[in-house]
Amino acid sequence: MKRYSIIAILLCLLLQGCDFFYSTVEYKGKEADPRLCVVAHMSPGNEHRAFVMHSEFFLHADERTVPEVNDALVTLQVNSGLPVAAQYVPNAFGNNYTDNIGISHRAYYGDYEASLPIAGNDTVRLHVEHPDYGTADAVQICPMWQRMSLTLDSLSVFGEVYAHMHLPAYTGNPEDLLSMRVSFLNTNVYYNVYIYSRDSAFSGLDNLQTASGYYAGSNVTLCVSSHDRDIAVVFDTPNKRWNDSIAEATDTLQIWTEITSRTPEDYTYRTSLERVSGQLYNRYVPDLPSERATDSREDGLQDFDIGELFDVIAEEFSVLGNAESYQVNGNLIGDKRDLQPFGCFTLTNPNVVFDYYKVPK
């Protein structure tokens, strides 16, 4: 941890001399025409929502209002069925913001809602149409529901839960992905959990990797497989209160597990949002407590090479220098070549399991 504190201090010192990060340039370019913006993330069930807005020239943008479109035609079509029109519902959601003098406010905006059943492997078409902003169309095949079961193997003295997850063969699109989240429940309190695994199913995706080689995170992504598999995982929560409680005589653990099947478009859209906002680079997952205990020196500092330190700093500057080149990946297609819509239509299929698990002794 102190290693990263040193890196942070050096970065701050170096950035103090970089005046180009704070220069102001007057914009004299042409004002961009507004575009249709649609965000719709749906899962199997009957109730579905879509948010429809228009883009706004950045010099005119106002954080106190949402440039919503309340007079669009929005339809959903499942397989070869008839298109179903979604109805606009005003003030369905609220957005918190803080004004220039620090006062908190809440702006409300509506959505388009439709009722129709969607199941795994259904083909769903979204169509949005507006006389001023054009059209937006997208097609998704609903991911299949991923079954799962969890078996606890051992509980370490550090409070780490070693387990393996059994995933039967996935029967949907082989390009779909799975996301996994876990929480512990104790005395009616939920505790966030870090998931660790060295399984290759997590490689090649936007998962963090610890110094000891674990793919890790509070929400990790793995590839699907057409074969049954058992994936070894380790669960750990950074909450000291939890660690103290399970250090006592614990016979069972209450574990909430969610594994969600996602289309490739859902994955690329969400990770590109994190990349543009900087969240993808701000996530931090510590090594497992047992790894930190064995890898640390007597003075509490980890050994590191000065060359590696400057490699990390160079990587951070590379991220800063290229931040503006990133863009959000969407899948909407419009009818105007020079005025394509923004946003994304995606489908996910979650499987949530909450159960009591016997702790091996």
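A residue is called buried when its relative accessible area is under 20%, exposed when the value is over 50%, and partly exposed in between (1.4 Å probe, protein chains only). The views below show a predicted model, in which local features need pLDDT of at least 70 and side-chain atom pairs count only at pLDDT 80 or more, while totals for chains, interfaces and linings use all residues. Residues are numbered from 1 along each chain as its sequence is written, and side-chain values use heavy atoms, with hydrogens and water left out.

**View 1. A salt bridge joins E291 to R198.** A salt bridge is a side-chain nitrogen of Lys or Arg within 4 Å of a carboxyl oxygen of Asp or Glu. Between E291 and R198, the closest N and O atoms are 3.9 Å apart. The pair links distant parts of the chain, for the two residues are 93 residues apart. E291 belongs to helix α5 (residues 289-295), whereas R198 is in the loop between β13 (194-197) and β14 (208-209). Helices (H or I, at least four residues) and strands (E, at least two) are DSSP runs, numbered from the N terminus. E291 is buried, with a relative accessible area of 18%, but R198 is partly exposed at 45%. A search of the whole structure finds six salt bridges.

**View 2. Helix α3 carries D266, which forms a salt bridge with R270.** Helix α3 covers residues 264-277, has 14 residues and reaches 20 Å from its first C-alpha to its last. This is close to the 20 Å expected at 1.5 Å a residue, where the expected span is 1.5 Å times one less than the number of residues. The buried residues of α3 are D266, Y267, Y269, T271 and S272. Which residue meets D266 in a salt bridge of 3.0 Å, N to O? The partner is R270. Because D266 and R270 are four residues apart in α3, about one helical turn separates them. An α-helix has 3.6 residues a turn, so residues three or four places apart point the same way. D266 has 0% relative accessibility and counts as buried, whereas R270, at 36%, counts as partly exposed. D266 also forms a salt bridge with R262, with the closest N and O atoms 2.8 Å apart. Both D266 and R262 are buried.

**View 3. Strand β17 pairs with β10 and with β13 in an open sheet.** The sheet has six strands in the order β9-β10-β17-β13-β15-β14, with antiparallel pairing. Two strands pair if DSSP finds at least two bridges between them. The edge strands, β9 (149-155) and β14, each pair on one side only. Strand β10 (residues 161-167) and β17 are antiparallel and share seven bridges, and Y162 stands opposite V234 in β17. β13 and β17 (residues 229-236) pair in the antiparallel sense over three bridges. Y194 has D236 in β17 as its bridge partner, and I195 stands opposite F235 in β17. Six of the eight residues of β17 are buried, so the strand is largely enclosed by the rest of the structure.

**View 4. Y190, F354 and Y356 make a nonpolar surface patch.** The patch is about 360 Å². Y356 lies in strand β19 (residues 342-358). Patches are made of residues with over 30% relative accessible area and no salt bridge; like charges are joined within 9 Å, and nonpolar side chains (Val, Leu, Ile, Met, Phe, Trp, Tyr) within 5 Å. Accessible areas come from the Shrake-Rupley method with a 1.4 Å probe, and for residues only the protein chains shown count as cover.
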